[in-house]
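Dear colleague,

I am passing on the structure below, and after it you will find my notes on what turned up.

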Amino acid sequence: MAAINPAKLTQALAQALDGAAPLVLAADLAPRALPQQACLVLGTSGSTAGKPQIVAISRSAIQAAVSATHEALGGAGSWLLTLPADHVAGVMVAARAHLAQMPLTRTTPGPFRPETFAADVERFLADGAARHYTSLVPTQLSRVLADPSAAGAASRLDAILVGGSATPSGMLRQAREAGLRVVTTCGMTETCVGCVYDGVPLAGIDVTLAPDSGRLTIAGPQVALGYLVEGELQPFDGTFVTADRGEWIGERLRVLGRLDDVILSGGINVDPRLVEEAIASLGPVAHCLVVGLPDVEWGNRVAALVVPHGEVADAARSGLAELVQQTVRERLGAAWMPRQVLLTGELPLRGPGKPDRVAAVHLLGAAPSPPQRD
């Protein structure tokens, strides 16, 4: 559909939630193609496969997701919308405010900037509500933490949902040490975004793991109706089999990334998330993304995009690729070491701020790959 400003879009969402025509955020869909129960129709980000799916979501699923979120956070509150309003994470922020009959404040138009975020929070806190929430992607959280004024403002919020991609443990630790009440979320368009908060499934959500692969299956009232394929609904029937894998650590779920992200290199299954955690632990590293590239000798070679902190000195920057390789080799083994490391100014992103692995593969594939030691 054509671009629509956030105010008009949230108004259209409110009308859909109140029983009017469904809100359609997917192009080229005729009204006759919509399931009768649909309240919201939109596409997934396509951040891994590059092929977005069209998802139909019912009003009851949105209601269930909103209710479970507010229960987990300790009660309904007003919401600050920092995310694009035409993606599911932004839509759900607006839905939480509307269904709870609480104020919704939108951030200053334009790219997300810490200085304007700090002013937006001050304006947001003046709305008279008892509780104040927002939702950020890790890239936004990183920028907030780098700005003392923005971090101070964020620390006054009752909760900050952080999702959209795996959040580095170091970033979470820094946020909590700065007094920010961050809540990590796991979810997707097919589950009305977050259905697991800080590793604990929300009310009504049942998460099971396949014994062989760890693949997550999510069941519960906030699961979408299904996919729309050539005008036909492929129903989920309340259960969504994800492409993600995970493990239980006690009673908390740890999501390990997508099954198709695992890199088979030289006969070894390399988990890119563990490699990313090792790289992200390095002081000079602001962000990183690890993918596999086709390789004649190894089948796939491990490769990394690395974003240095802006204040990193030139001397440290020049040796960063070697430091990345050395660190991964020592912590995880030679088979896990990125054989290609590309320093870049920012990671390629898709949708509301999710790392775009397809674009990363193209970037790394187009860059020179110097010989690396075994």
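This is a predicted model: local features need pLDDT of at least 70, side-chain atom pairs count only at pLDDT 80 or more; totals for chains, interfaces and linings use all residues.

Valine 285 is buried, at a relative accessible area of 5%, where buried stands for under 20% relative accessible area, exposed for over 50% and partly exposed for what lies in between, with a 1.4 Å probe and protein chains only. This valine 285 belongs to strand 19, which covers residues 285-295; helices (H or I, at least four residues) and strands (E, at least two) are DSSP runs numbered from the N terminus. Leaving aside neighbours within four places in sequence, valine 285 is in contact (heavy atoms within 4.5 Å) with Ile279, Ala280, Val306, Val307, His309 and Leu320. Between the C-alpha atoms of valine 285 and proline 308 there are 4.5 Å, although the two residues are 23 apart along the chain.

Residues are numbered from 1 along each chain as its sequence is written, and side-chain values use heavy atoms, with hydrogens and water left out.

Next, the helices. The axes of helix 2 (residues 59-73) and helix 3 (residues 88-99) come within 10 Å and cross at roughly 80 degrees, the axes being lines fitted to C-alpha atoms, for helices over the stretch in contact, with angles that run from 0 to 180 degrees between N-to-C directions. Helix 2 is therefore roughly perpendicular to helix 3, given that angles under 35 degrees count as roughly parallel, over 145 as roughly antiparallel, 65 to 115 as roughly perpendicular and the rest as oblique. On the side of helix 2 the contact is made by Arg59, Ile62, Gln63, Ala65, Val66, Thr69 and His70, and on the side of helix 3 by Met92, Ala95, Arg96 and Leu99. By class, the residues of this contact divide into six nonpolar, three polar and two charged, where Ala, Val, Leu, Ile, Met, Phe, Trp, Tyr, Cys and Pro count as nonpolar, Asp, Glu, Lys and Arg as charged, and the others, Gly among them, as polar.

Histidine 70, in helix 2, counts as buried at 7% relative accessibility. Not counting residues up to four places away in sequence, histidine 70 touches Gly75, Ala76, Gly77, Trp79, Arg96, Ala100 and Tyr133, and its C-alpha atom is separated by 8.2 Å from that of arginine 96, which is 26 residues apart from it along the chain. Histidine 98, by contrast, lies in helix 3 and is partly exposed, with a relative accessible area of 27%; beyond four places in sequence, histidine 98 touches Ala14, Leu17 and Asp18.

Helix 5 (residues 138-145) holds serine 142. Seven of the eight residues of helix 5 are buried, so that the helix is mostly covered. Serine 142 itself is buried, with a relative accessible area of 18%, and touches Met171 and His287 when residues up to four places away in sequence are not counted.

Strand 9 (residues 193-197) contains valine 196, which is buried at a relative accessible area of 2%. Its contacts, with neighbours within four places in sequence left aside, are Thr184, Thr185, Cys186, Pro201, Leu202, Val207 and Leu253. Aspartate 198, in the loop between strand 9 and strand 10 (200-201), has a positive phi of about 50 degrees although it is not a glycine, and is partly exposed, with a relative accessible area of 29%.

Of its eleven lining residues, Leu25, Gly43, Thr44, Pro52 and His87 are the closest to its centre, and the lining has six nonpolar, four polar and one charged residues.

With best wishes

Technical notes. On a 1 Å grid over the protein atoms alone, a cavity is a set of points where a 1.4 Å probe fits but cannot get out, and a pocket is an open set with protein on both sides within 12 Å along at least five of seven lines; lining residues have an atom within 4 Å of a point.
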